[in-house]
Amino acid sequence: MAAMVVALRGPVGRFRSRTRAWTRGTRGAANAAGGQQSFDLLVIGGGSGGLACAKEAAQLGRKVAVADYVEPSPQGTKWGLGGTCVNVGCIPKKLMHQAALLGGMVKDAHHYGWEVAHPIQHNWKKMAEAVQNHVKSLNWGHRVQLQERKVKYFNVKASFVDKHTVCGVDKGGKMTLLSADHIVIATGGRPKYPTQIKGALEYGITSDDIFWLKESPGKTLVVGASYVALECAGFLTGIGLDTTVMMRSIPLRGFDQQMSSLVTEHMESHGTRFLKGCIPSVIKKLPTGQLQVTWKDHVSGKEDTGTFDTVLWAIGRVPETRNLNLEKAGVNINPENQKIVVDAQDATSVPHIFAIGDVAEGRPELTPTAIKAGKLLAHRLFGKSSALMDYSNVPTTVFTPLEYGCVGLSEEEAVALHGQEHVEVYHAYYKPLEFTVTDRDASQCYIKMVCLREPPQLVLGLHFLGPNAGEVTQGFALGIKCGASYAQVMQTVGIHPTCSEEVVKLHITKRSGLEPTVTGC
């Protein structure tokens with residue numbers, strides 16, 4: 001049954017030259033650098049997946065090492081152990097998203113009897129300091145956990161010498177040779193810069209920098225329409241900053257496009273400006289310190305300019321593979337995207353070298369999948385397990401001001417896989433109870449469930465736009481993972497009064513041509 005469900009749902013969608021000089025040296029030179037150290041497992045990369053794999057292997061009694069080094073961003077931002085999620089991703093993003101949501105709640109508070117002084121002011125410095133202090137506590141926590149599990153931590157930039165050996169160079173230039181029976185590459189990725197645009201690298205920042213700014217970014221231009229772009233633009237608008245998103249084409253590529261359009265509609269109606277079909281061509285720094293951005297509108301063909309305090313690039317990410325000297329180990333990469341080619345067991349073209357997380361070809365760029373993949377890999381290597389990571393029906397949430405949670409196939413994917421005539425879509429608009437007293441606009445609060453039309457109407461995907469979307473989606477993800485049908489979802493009793501209960505009341509189909517009415521508690 002499980003195999004049938006998966007089949008129906010379909011597939012998921014400074015140191016380089018120095019290191020090279022070192023690898024040309026003799027083995028005798030290793031003694032001068034402290035000798036070669038050997039391990040059962042060496043993990044390159046101290047992010048979520050790499051740390052999970054290392055800690056799990058150590059608990060299974062193996063001798064484990066982690067090599068991790070953060071190259072400062074072009075703007076000089078650097079951080080500690082823990083990878084993208086902890087330092088410049090999920091954690092600080094969610095906290096700043098929460099700061100923006102709290103601002104909205106404070107504005108609503110008077111409707112509920114709270115006397116709040118106006119105007120409400122936000123202090124970026126205070127928020128940033130609190131967020132950064134929490135991140136630093138997580139950095140320290142990871143160091144402690146590695147110590148407790150007797151995992152050797154090397155703060156070095158690693159590159160391959162051969163199939164079993166890695167050379168690590170620390171910030172002082174000291175080199176260490178590390179060898180291992182098994183090596184896991186979990187180096188993740190970094191934000192992409194459009195280096196062909198004059199001034200992009202010199203004056204722009206990315207998500208590597210935004211969470212570590214000590215001063216408010218002020219009036220901000222966010223370039224890109226990825227989830228990183230929209231999440232950052234959302235919380236910047238939410239804390240009261242003048243924010244514009246410049247997008248070349250569609251928002252949230254790879255996500256359901258009806259839901260993506262609703263996300264941007266909500267953001268526009270709540271103060272975020274969008275420049276659609278536009279591409280920047282040059283950035284200049286003015287005597288005032290502000291940035292003048294010139295762009296071309298590819299719809300009208302006209303050129304325009306604007307002045308901003310900050311330009312944030314959010315145009316995608318590139319895997320951290322270029323400085324690993326993978327060719328010395330014989331590890332194959334996809335030349336188009338530089339990601340490491342892996343099989344179902346996360347093995348590369350070299351059987352004892354593995355890759356997990358964002359650096360691996362065809363894997364979701366999500367922290368929970370990297371963590372689970374890392375743990376499962378450790379158990380396959382050292383725990384006599386054969387369990388593989390299942391990448392189907394992985395839930396995720398985009399933390400825009402109105403959150404978008406989804407699991408399974410988008411409507412477009414379902415139609416492409418099964419054909420329009422075999423797909424049924426149940427949908428509804430709804431108004432959260434919390435929006436009623438404050439008379440908040442709920443025009444974009446929307447749910448749709450994508451199913452097979454033939455009984456028992458297997459649920460192919462669920463898409464939820466509204467408050468606490470991550471919490472809602474996580475619950476329904478279990479049912480969908482277990483092969484839930486539309487009938488089973490309808491037999492589920494909702495919790496009243498919640499937004500989640502609206503999912504188990506879906507009864508209007510798109511095919512019927514009837515517009516769903518706004519439901520609510």
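1. The side chain of Thr264 reaches the backbone oxygen of Ser261 at 3.0 Å, a polar contact (a pair of N or O atoms within 3.5 Å, one able to donate a hydrogen and the other to accept it; residues adjacent in sequence count only if both atoms are side-chain atoms). Thr264 lies in helix H11 (residues 257-269); helices (H or I, at least four residues) and strands (E, at least two) are DSSP runs numbered from the N terminus.

2. The model is predicted: local features need pLDDT of at least 70 and side-chain atom pairs pLDDT 80 or more, while totals for chains, interfaces and linings use all residues. Residues are numbered from 1 along each chain as its sequence is written, and side-chain values use heavy atoms, without hydrogens and water.

3. Is Thr264 buried or exposed? Thr264 is buried, with a relative accessible area of 6% (buried means under 20%, exposed over 50%, partly exposed in between; 1.4 Å probe, protein chains only). Leaving aside neighbours within four places in sequence, Thr264 is in contact with Leu230, Pro251 and Phe274 (contact means heavy atoms within 4.5 Å).

4. An open sheet of 6 strands runs in the order E17-E18-E21-E20-E19-E22, with mixed pairing (two strands pair if DSSP finds at least two bridges between them). Strands E17 (396-398) and E22 (518-520) stand at the edges, each with a single partner strand, so one side of each is left without a neighbour in the sheet.

5. Strand E19 (residues 423-431) pairs with E22 in the parallel sense over 3 bridges. Within E22, Val518 is the bridge partner of Tyr429.
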